[in-house]
Amino acid sequence: MMAGGTPGLGAGPLRLERIRLVSADPEILARYFTAALGFSRTTSTRPSVDQRTTFGTHGVSLSLGAQALDLVGFDRPGRPYPDDVPGWSPLFQHIAIVVSDMAAAFARLSATPGWRPISTAGPERLPAASGGVSAFKFRDPEGHPLELLAFPAGHEPETWRGGGPDPCLGIDHSAISVVDSAASLAFYEGLGFSVASRSTNVGPEQARLDGVPDPRVAVTGLRPPGAPTPHVELLDYAGLFPRAGHICGDHDIAATVLVFAGEASVAGPRRLQDPDGHRLWLP
């Protein structure tokens, strides 16, 4: 895999087509996602088992609204998700799920066993300076970080207006923790991403949401060139944290991949890593 730098691109704009989670048991984890978060199983037309691209030896494709999630497993599984990876770790990467009714979504989550909280006091309403959203972070039964996200009434992005029959509407973004926002921004701008939002999140609400004492988080929202949703957010926590040594193999449960679609490059599909080791697959 390439790490850092700016790869050559094909002619078409990229869109985040799906997010790929490595799972110790995709069937069991799929049942959790359907019960707790309203996902549905889908029949994918692309190969879900492809040793050459390490899609995995078995898997389940899920959808929530218009967004897609793949759970893949390996006959020779890697390491489990490390216990309690903090939000400032470069290994940290969560999926944000938009909900129309935080109370209903949280109640269903609470009634489905197996998850563990990251947030320390239930759903948090952040100050207006941090977007005024309500959010709750937790880990699924295998340790993948997830977030329930509700926008303030009347301020929902166009994609999420109108709601739906289920309180969980779809995947808004994947948030990745980075060491250096400037280096990460240069990498993603080289792929055609543009900055859609910036904020600095601080205060007791953010501390309870993240389970991190006295956080100061620079949040940069990045819009893929092909579609605004799902997008990518960079989380840059200020502080002298022990960020070294967080290495993740392709078969490890923490090896989340952002899978992009678009016009294929002359060089063919590429597997990249950003400056902090987060995985991307490009057409």
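## Chatting through a predicted model

Student: Hi! What helices and strands are there in the protein chain?

Tutor: Hello! The protein chain has four helices and 17 strands. Keep in mind that this is a predicted model.

Student: Noted. And what share of the residues is buried?

Tutor: Of the 283 residues in the protein chain, 54% are buried.

Student: What about contacts between residues at least 6 apart in sequence: what share joins residues at least 24 apart?

Tutor: That share is 67% in the protein chain.

Student: Let's go inside, then. How many residues does the largest nonpolar core have?

Tutor: It has 45 residues. The ones with the most contacts inside this core are F33, L37, F39, L69, F138, Y188 and L191. Helix α1 gives the largest share, six residues.

Student: Which residues does F39 touch, beyond those up to four places away in sequence?

Tutor: F39 touches F33, T34, L62, S63, L64, L69, I97 and I171.

Student: Is Y188 buried or exposed, and why?

Tutor: Y188 counts as buried because its relative accessibility is 0%, and the cut-off for buried is under 20%.

Student: What is Y188 in contact with, leaving aside its neighbours within four places in sequence?

Tutor: Y188 is in contact with I176, F193, L222, L234, D274 and L280. With D274 there is also a polar contact, 2.7 Å between the two side chains. As for P275, its C-alpha is 9.8 Å from that of Y188, although the two residues are 87 apart in sequence.

Student: Nice. Changing topic: how much space lies in the largest pocket?

Tutor: About 800 Å³. The lining has 38 residues, and F151, D172, S197, H231 and E233 lie nearest the centre of the pocket.

Student: Which elements give two or more residues to that lining?

Tutor: There are strands β9 (134-139), β10 (145-150), β11 (168-177), β12 (194-202), β13 (216-223) and β14 (231-237), together with helix α4 (204-210).

Student: How does the lining split by class?

Tutor: It has 18 nonpolar, 13 polar and seven charged residues.

Student: Is H173 buried or exposed?

Tutor: H173 is buried, since its relative accessible area is 3%. Not counting residues up to four places away in sequence, H173 touches H94, I95, A96, E147, L149, P230, H231, V232 and E233.

Student: P230 is on that list. What kind of peptide bond runs from T229 to P230?

Tutor: The peptide bond from T229 to P230 is cis, with omega near -5 degrees. P230 belongs to the loop between β13 and β14.

Student: While we're in loops, where does S23 lie?

Tutor: S23 lies in the loop between β2 (15-22) and α1 (26-37). With a relative accessible area of 2%, S23 is buried. Its side chain joins that of E142 in a polar contact of 2.8 Å. Not counting residues up to four places away in sequence, S23 touches L29, L71, V72, G73, E142 and I253.

Student: Which residue other than glycine has a positive phi near 50 degrees?

Tutor: D214, in the loop between α4 and β13. D214 counts as exposed because its relative accessibility is 73%. D84 is not a glycine and has a positive phi too, of about 55 degrees. D84 lies in the loop between β5 (67-73) and β6 (93-99), and its relative accessibility of 51% makes D84 exposed, as the cut-off is over 50%.

Student: Last one: how exposed is G163?

Tutor: G163 counts as partly exposed, at 42% relative accessibility. It lies in the loop between β10 and β11. G163 and V99 are 64 residues apart in sequence, with their C-alpha atoms 8.3 Å apart in space.

Key. Residues numbered from 1 in each chain as written. Predicted model: local features only at pLDDT ≥ 70, side-chain atom pairs only at ≥ 80, totals over all residues. Heavy atoms only, no water. 1 Å grid on protein atoms, 1.4 Å probe; cavity = no way out; pocket = protein on both sides within 12 Å on 5 of 7 lines; lining within 4 Å. Points joined across faces, edges and corners; volume = space filled by probe spheres on them. Nonpolar A, V, L, I, M, F, W, Y, C, P; charged D, E, K, R; others polar. Buried < 20%, exposed > 50% of the residue type's maximum accessible area, 1.4 Å probe, protein only. Polar contact = N/O pair within 3.5 Å; in protein donor to acceptor, adjacent residues only side chain to side chain. Contact = heavy atoms within 4.5 Å. Core = buried A, V, L, I, M, F, W, Y, C linked by side-chain atoms within 4.5 Å.
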